[in-house]
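Please examine the sequence and the structure shown below. The briefing after them treats selected features by topic.

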Amino acid sequence: MRLTSIRARVALLSTLFALLLVGGVTFATYFFVATGMRSSAEATSDRLAGAAERVFSRYQAQAVADAQAAGLTGAAADDFVREQVLRVVPEVVSQGLVYEGSFALSVTTTGAAELDVVWTVGDYGRAGDPERRQAALDLGSRTREYPSLPPLFLGLFAPADLGLYVVHLPLDLAGTRSAVLDVIYDPAREEAILDSTRLPMVAVTVVAFATSLLITNLIMGWALSLITSIKRTADSIDVGRLDVHLPQVGDNEVTELARSLNRLIDNLRYRNEAQSRFIADASHELATPVAGIRGYVNILRAWGAEDPGLREEAVSAIDRESRRMARLCSDLLSVIRSEEMVEFRSMRYDINAVSREVLANAATRYMDKHLDFEGPSEGPLWLHGDPDRVEEALGILVDNACKYTPDGGSVSVTTRRRRDVILIEIADTGVGIPEQDLPNVFERFYRSDLSRSKETGGFGLGLAIAKHIIDTSGGDIAVKSTIGRGTTFTVSLPRQRGKREAGA
Ligand code: ADP
């Protein structure tokens with residue numbers, strides 16, 4: 001598996017993440033349990049020391065009373081009390097007075113000799129630290145020696161060891177200079193609890209780790225299978241197949257991606273088909289005049305020499321057909337240029353001035369048709385866009401209006417503003433377009449009435465170019481028509497470029 005692949009990266013990251021998460025949770029849990037056990041051991045050792053202190057005081061008071069009853073006084077009474085306490089208390093303690101623990105009493109007698117008495121229940125020897133013991137004496141109150149917590153991870157793999165808890169208890173023992181009782185507690189109970197959590201905790205850790213890896217792997221496998229199917233589809237597109245579609249299962253980010261790619265494939269197929277249709281239509285349109293020219297050339301060859309009338313007719317037909325071819329080539333070039341030009345300028349211009357210019361041009365070209373031209377007479381109407389391209393589109397629409405309007409008719413251009421758009425209406429009183437043709441007139445090479453168009457010499461490319469320009473400008477174009485009464489094209493253009501941006 002390459003380390004750069006998504007699978008390798010996700011596997012690595014998810015393993016690290018699972019390790020950190022599961023390991024972190026396990027250590028944190030162990031930490032809280034271990035801290036609790038330690039607090040419990042501290043409390044127990046303190047309670048043990050308190051209990052030993054109370055036993056000691058009770059027996060010393062008893063011994064003092066016994067000494068008085070025996071009529072002992074002074075050093076003799078002290079010796080009696082000390083002997084009683086040192087003899088009786090260990091017995092009581094060793095019979096399991098309070099908890100399992102070790103008790104060591106170090107006594108410094110008045111003669112300054114040190115006497116070490118060890119009462120032991122559990123055998124921990126003299127675990128106390130002499131300095132701490134001295135500190136307890138100096139302070140006159142108990143001091144504690146608690147072990148620090150062992151390294152956490154050890155507790156997960158080795159039996160728990162919480163160390164020994166020692167409390168130094170200064171005592172007031174008759175006839176001595178000082179006495180300190182070391183109460184040592186071995187937290188075996190707490191260690192047992194910690195030990196009992198180890199196995200389940202390790203088991204839960206392993207199961208959690210394995211489960212998180214498995215789940216990540218399953219999710220990754222599912223996501224990657226979608227990516228693989230996208231790749232397969234992309235490969236088929238690469239070899240020219242556009243009849244494929246990506247599966248759109250469920251509702252997630254990959255489905256969104258599949259939906260977008262399917263849209264892209266549809267667009268590609270549509271463009272591809274349009275392209276093929278365009279080439280086929282263009283070839284067909286070119287083939288017609290070529291066939292005509294070849295026919296007349298054959299006629300010329302066969303009879304041209306003998307019949308001057310026929311020769312004249314053939315030459316003028318060849319001239320007509322070759323002009324038609326030249327016009328078609330120039331129209332085709334316009335279509336291709338118009339589609340290639342994706343960068344439109346964005347400048348402020350007056351649409352009324354542009355409309356008047358277009359009408360003036362048409363008026364000179366169609367002077368012999370005696371049409372009535374009417375343009376916007378109001379002041380400037382400003383908008384942002386490419387005035388040259390918009391003039392080209394309006395030119396096509398006005399030219400069509402003139403072409404398809406009989407002599408003496410009228411052609412008008414009106415403009416108005418509606419909210420964020422400028423509406424331009426190009427209306428004529430011409431022949432009109434049959435209703436069934438209206439949805440198709442913007443298609444390339446589409447002519448509503450072939451014979452009529454042939455008469456007027458069009459190839460059905462003008463409206464496709466105009467629509468492309470309007471679309472790229474972020475606008476819309478629509479047509480309404482009534483047979484025999486006229487046609488109105490309505491162009492809407494955004495006043496500000498970007499407000500109604502189309503796919504430029
Ligand atoms: P053409 O070069 O044939 O005019 P267009 O793309 O400009 O190509 O127009 C397509 C067809 O739509 C025309 O052939 C014509 O039948 C119809 N058409 C366009 N404009 C008008 C109009 N103003 N009045 C009637 N028919 C129209």
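This is a predicted model: local features need pLDDT of at least 70, side-chain atom pairs count only at pLDDT 80 or more; totals for chains, interfaces and linings use all residues.

Residues are numbered from 1 along each chain as its sequence is written, and side-chain values use heavy atoms, with hydrogens and water left out. Helices (H or I, at least four residues) and strands (E, at least two) are DSSP runs, numbered from the N terminus.

**Strand β10 and its partners**

- Strand β10 spans residues 421–428, and seven of its eight residues are buried, so the strand is largely enclosed by the rest of the structure. Buried means under 20% relative accessible area, exposed means over 50%, and partly exposed lies in between (1.4 Å probe, protein chains only).
- Strand β9 (residues 410–418) runs antiparallel to β10 and is joined to it by eight bridges; two strands pair if DSSP finds at least two bridges between them.
- Within this pairing, Ile424 in β10 has Thr415 opposite it.
- The hairpin of β9 and β10 has two residues between the strands, and Arg419 takes a positive phi near 50° there.
- Strand β12 (residues 486–494) also pairs with β10 in the antiparallel sense, over seven bridges. Here Glu425 has Thr490 in β12 as its bridge partner.

**Surroundings of the ligand**

- There are 21 residues around the ligand, of which Asn400, Tyr404, Asp428, Ser448 and Leu463 come nearest. A residue is near a molecule or strand if one of its heavy atoms lies within 4 Å of it.
- Polar contacts are pairs of N or O atoms within 3.5 Å; within protein, one atom must be able to donate a hydrogen and the other to accept it, and residues adjacent in sequence count only if both atoms are side-chain atoms.
- An N or O atom in the side chain of Tyr404 lies 2.7 Å from an oxygen atom of the ligand.
- A polar backbone atom of Gly460 is 3.1 Å from a ligand oxygen atom, and an N or O atom in the side chain of Thr487 is 3.4 Å from a ligand nitrogen atom.
- On its own the ligand has 520 Å² of accessible area, and the protein covers 98% of it. Accessible areas come from the Shrake-Rupley method with a 1.4 Å probe; for residues, only the protein chains shown count as cover.
- Two or more residues of the shell come from each of α9 (387–403), α10 (450–456), α11 (462–472) and β12. Helix α9 gives the largest share, three residues.

**Salt bridges**

- The structure holds 20 salt bridges, each a side-chain nitrogen of Lys or Arg within 4 Å of a carboxyl oxygen of Asp or Glu.
- Asp79 and Arg82 form one of them, at 3.1 Å from N to O. Both residues lie in helix α2 (residues 74–94), three residues apart, about one turn of the helix.
- Is Arg82 buried or exposed? Arg82 is buried because its relative accessible area is 15%, whereas Asp79 counts as partly exposed at 40%.
- Asp388 and Arg345 meet in a salt bridge at 2.7 Å from N to O. This pair links distant parts of the chain, 43 residues apart: Asp388 is in helix α9, and Arg345 is in the loop between α7 (308–340) and β6 (347–350).
- Arg416 forms a salt bridge with Glu425, and their closest N and O atoms are 3.4 Å apart. Arg416 is partly exposed at 41% relative accessibility, and Glu425 is partly exposed at 27%.
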